[in-house]
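Hi,

Here is the structure I promised to pass on. Have a look at it first, then read my notes below.

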Amino acid sequence: MWRPKKRRFLCVGIACLFLVYVVRIEINKSYENRRQKFQDSFSSDVAIKPVVIEFDHEKYIAGENRTGIHNFAKHSFNLRVSDATSVDRDIPDSKDPMCKNRIYSIPASYSVSIVISFHNEARSALLRTIVSILNRTPDRLLREIILVDDFSDNVKDGSELASFPKVRIFRNNQRQGLSRSRMIGAQKSTGSHVIFLDSHCEVNADWLPPLLQVTYEHPKALVSPVIDIIDAETFQYKPSSGNLKGGFDWAFNYRWQTASEAESQDPIDSTFFKSPVIHGGLFLANKSWFNELGGLDKGLDIWGLENIEISIKTWLCGGEVLTVPCSRVGHVFRSRHPYSFPPNGSMTTYLKNSKRVAEAWFDEYKYQFYDVKPQAKHHTISSIEGILSLKRKLKCKPFQWYLDNIYPELKPVSKDVLAMGQLQQESLCLQSQVVKENKTTIALAPCAASKSEQEWNFAKSGELHQGKNCLTAKLNAKKPKIYLAKCSNNTKQKWSRRRRLLMLQGLCLENAMDTMMGHFYLTLNPCRQKAFSQKWDFSVELQSWGDR
């Protein structure tokens, strides 16, 4: 009696398992078909590199004037190595491997205009930027590459690139600077989206679809890739951390800050994280939203504050600033600007741009800017009435909202504080740790957002403190000891700074290696200007180098 029932149950069970198996196969097929369908739509052009064959890149690069110019002087990077580096070289795919499993559903109506403005750029760097875009961007998504020559000395720097597919050249008849040149390119663009890149970049594999996917889901967002480092000396492509967000201090010094674990989730769970400021000047936006926002401020001269101004404006006027870890673009980071800043020089230009942004967006907090840059009060700026009118039209929020909700790390400070926030050596930060009652040790730990143990204030008195406790050094020992003690106006707590060195009684704070024990420890040693282990950076600077 039970045997027929058992057989029926067994048959039903096998049938169910088979059904589950078939369904899973179909789901996997659907997944693979969707992924392959998308990949087929852009990968075919990536494998072919006709631009390198059709264009005499060696002749173009050799046409740059190098007469009497030192290797680093003209461009602030190693021109000889740049020229010797292949224009279509392979670079490491630096994104998280999980990114490759993502499926992107991008509307067929989407197309991108890439705007690149340049002034006296190294021909090899500019050429490598263009070739990387053509070789690593889905053909159906790339509408055009718009080059805006900002009155370079040699008109042929741009005009000789007109033979490249999808490249359009425009040349300013006088120097306009980055902000106005980019706006000229944006106004000439015909794509549904516009993306701004610098003229010394290399886009990485599959860089564009993740950005467009986020703008599809967040149409009022400025979207940035993670910016990898192209070494200015060797031109080696170096992956950077995928959890850094942009910020600034009251003097408008740009600051990289570590996103919290909640902000920078695993790529399989999150496609973006929020950032107070876009990464550098590389970002994508829906063109209609970008125009509604008023675009970049044309009142900013030559270079400086474009990324901070557009970021604050976006957040306050109804948009978002988002970083997409699955998109990577390499960028040559230079130690100085190689070009001129007419008519008043770089310092005055940057100061006037800073004053313009502070007056337009800081509201009552502009006094924080003037406290650290009092010389800005004496400079005149062009009218900001257009910006104020836009703020009223878009019903933009006050700057207090930005401080409360987007960038709480930017705290108003007293005039006695010269620097504040995290004290960093790359991704490590100086951190206090209570080991037992009335005993606190100091060590380096991975930087973490909003962690009070890593928040410091450096006062005019020389005290480096957390609340009522100060960083203290015990010098009368065989090995100087660094610890936290109650502030007492003691010479053991009187620190000074010389650029990136943190000094006490002529010795420098160092994260030294104990070769016997095989670990690092904090101590004081004779100062060595080039020793990385003695270089410290505050996340918020309230004085310029010239003030130290």
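What follows is a short tour, from the overall picture to a few local details.

A word on the ground rules: this is a predicted model, so local features need pLDDT of at least 70 and side-chain atom pairs count only at pLDDT 80 or more, while totals for chains, interfaces and linings use all residues. Residues are numbered from 1 along each chain as its sequence is written, and side-chain values use heavy atoms, with hydrogens and water left out.

Overall, the protein has 14 helices and 24 strands (DSSP runs numbered from the N terminus, H or I of at least four residues for helices, E of at least two for strands). Of its 548 residues, 51% are buried (under 20% relative accessible area, with exposed meaning over 50% and partly exposed in between; 1.4 Å probe, protein chains only). Among contacts (heavy atoms within 4.5 Å) with a separation of 6 or more, 72% link residues 24 or more positions apart.

Now the inside. Leaving aside residues up to four places away in sequence, Phe362 touches Phe248, Trp250, Phe252, Ile312, Val357, Phe369 and Phe399.

In the loop between α9 (287-292) and α10 sits Leu305, which has a positive phi of about 80° without being a glycine; Leu305 is buried, at 3% relative accessibility. Just after α10, Gly318 has a positive phi of about 105°.

Glu426 has a positive phi too, near 55°. Glu426 lies in the loop between β13 (417-425) and β14 (428-436) and is exposed, with a relative accessible area of 68%.

Arg356, Ala360 and Trp361 of α11 meet Ile387, Leu388 and Lys391 of α13.

Finally, a cis peptide bond joins Pro342 and Pro343, with omega about 0°; Pro343 is in the loop between β12 (320-332) and α11.

Cheers
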